[in-house]
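Visitor: Can you walk me through this one? I'd like the packing and the sheets.

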Amino acid sequence: MTDNVYNREDILEKYREAGRILKIVRTEAADMVRIGNSLLEVAEFVEKKTIELGGRPAFPCNISRNQEAAHATPKAGDKDVFAKDIVKLDIGVHVDGYIADSAVTVDLSGNSDLVKASEEALAAAIDLMKPGVSTGEVGAAIEESIRSYGLSPIMNLSGHGLSQYEAHDDPSVPNKRVEGGVVLKEGDVLAIEPFATNGTGLVHDGSWSEIFSIIKKKPVRMPAVRNVLKQAEEYRELPFAKRWLDSDKLEFSLIQLEKAGVFHSYPVLIESAGGLVSQAEHTVIITRDGCEVTTK
C-alpha cells in the first residue's frame with residue numbers, strides 16, 4: 001500500500017480527480033445500458049470518454065452479464081447487444097497511476113432485490129470504514145446485509161487495496177465473515193465491492209479471456225511477439241484488453257507471452273451454479289475519523 005496519502009496533497013488530488021472523472025463516465029455509460037444497445041459501443045465510450053476527461057483507463061471496461069461476475073469485456077468487432085440481462089458495469093480510471101474503481105449493476109431483467117442486496121452491503125461496509133476497524137468486521141457486515149435478502153455473497157471474490165499503477169493491492173477486503181483480518185489505518189485506499197447472488201456464492205474461471213496484464217518483463221525473440229509486448233508496455237502493470245492490441249498474429253503472440261510467464265490472463269469469472277450476480281463498488285480513502293468516498 002502507499003504511504004498515508006493525507007500527507008501528500010498532490011497524490012490525494014490525483015485520487016480525487018480519478019474519482020471525479022469516473023463518476024461522470026459511469027453515469028453516462030449506465031444510461032447506455034439498454035436492451036438492444038451494443039456492449040462494444042458502451043465499453044469504447046467508457047474508455048474514450050475517460051481519456052477525453054483527462055484520465056486513463058485503469059483496466060478495460062468490464063461488462064459482465066447474468067451469471068458472469070467479472071472480467072468480461074467485449075471482443076474486437078463484438079456484435080453482442082443487451083437483452084433482459086442483469087449487467088455489471090465495472091470501470092477503472094487512473095490519473096498518473098492513482099486509481100478510482102467503481103461498479104454499478106443495471107437491471108434489465110426484473111431482479112431488483114438482487115441489485116439492492118449488493119448496494120446495501122456496500123453502504124453497510126462504507127459506514128464501518130475508519131482507522132482501527134478490521135477487514136474481517138467489514139466482511140461480516142457485507143455478508144449479513146446480503147443474507148438478509150435470502151441471497152449469498154460471492155465468497156471467493158473480495159475488495160482490494162489500490163496503489164499507484166496497482167489495481168489489486170493489499171489488503172484484501174472479504175465479502176464474508178472472517179476471523180481477524182487487516183486493521184485499517186489512515187491513508188489506506190481501497191475498493192470495496194460486494195457481490196450478491198442467488199447461486200451458491202462461489203465463482204470459477206470461464207473458458208475465455210479478453211483481459212491480460214504484464215507480470216514479468218523478459219526478452220522475446222520472435223518479431224511479432226515482440227511487437228505485441230511493446231504495445232502492452234504502454235499499460236505498465238495495469239490490465240489491458242486484447243482489442244486494444246493490433247497484430248495479424250495476435251492470438252499466437254498472446255499464447256507465447258502467457259506460456260513464457262510474461263502475460264497473465266484474466267478469465268471471465270462465472271457463478272458456479274449459474275446463479276445471477278449483482279455488484280456494487282466504490283473507492284474509499286481512510287481518513288482520521290472515517291473515510292472519503294472518491295467515486296460517490
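Guide: Here is a short tour of helices, sheets and one glutamate. This is a predicted model, where local features need pLDDT of at least 70, side-chain atom pairs count only at pLDDT 80 or more, and totals for chains, interfaces and linings use all residues. Residues are numbered from 1 along each chain as its sequence is written, and side-chain values use heavy atoms, with hydrogens and water left out.

Visitor: Start with α3 and α4. At what angle do they cross?
Guide: Roughly 150 degrees, for α3 (residues 112–128) and α4 (residues 135–147), with axes that come within 8 Å. Helices (H or I, at least four residues) and strands (E, at least two) are DSSP runs, numbered from the N terminus. Axes are lines fitted to C-alpha atoms, for helices over the stretch in contact, and angles run from 0 to 180 degrees between N-to-C directions.

Visitor: So how are α3 and α4 oriented to each other?
Guide: Roughly antiparallel. That label applies to angles over 145 degrees; under 35 is roughly parallel, 65 to 115 roughly perpendicular, and the rest oblique.

Visitor: Which residues make the contact?
Guide: From α3, Ala117, Glu120, Ala121, Ala124, Ala125 and Leu128. From α4, Glu137, Val138, Ala141, Ile142, Ser145 and Ile146. Contact means heavy atoms within 4.5 Å.

Visitor: What does α3 lie across?
Guide: Strands β9 and β13, running at about 40 degrees to β13. Those strands belong to a three-stranded open sheet, ordered β5-β9-β13, with antiparallel pairing. Its edges are β5 (152–153) and β13 (277–279), each pairing on one side only. Two strands pair if DSSP finds at least two bridges between them.

Visitor: Where does β5 meet β9?
Guide: Two bridges join β5 to β9 (residues 195–197), running antiparallel. Proline 153 has alanine 196 of β9 as its bridge partner.

Visitor: Other sheet. What's the strand order?
Guide: β2-β12-β10-β11, an open sheet of four strands with antiparallel pairing. The edges are β2 (68–70) and β11 (240–241). Helix α5 (residues 223–232) packs on this sheet, touching β10, β11 and β12 (263–271), and its direction makes about 70 degrees with that of β12.

Visitor: And α6?
Guide: Helix α6 (residues 250–259) lies across β10 and β12, at about 100 degrees to β12.

Visitor: How many bridges between β10 and β11?
Guide: Two, in the antiparallel sense. Isoleucine 211 is the bridge partner of alanine 241 in β11.

Visitor: Which strands does β6 join?
Guide: Four bridges link β6 to β7 (residues 166–174), antiparallel. Glycine 161 stands opposite aspartate 169 in β7 and opposite leucine 190 in β8.

Visitor: What sits between β6 and β7?
Guide: Two residues, making a hairpin. Tyrosine 165 in the turn has a positive phi of about 55 degrees.

Visitor: Last one: glutamate 166. What does it touch?
Guide: Leaving aside neighbours within four places in sequence, glutamate 166 contacts Ile99, Gly161 and Leu238. Glutamate 166 is in β7 and, at 31% relative accessibility, counts as partly exposed. Its C-alpha is 8.4 Å from that of tyrosine 98, 68 residues apart along the chain.

Terms used:
Buried < 20%, exposed > 50% of the residue type's maximum accessible area, 1.4 Å probe, protein only.
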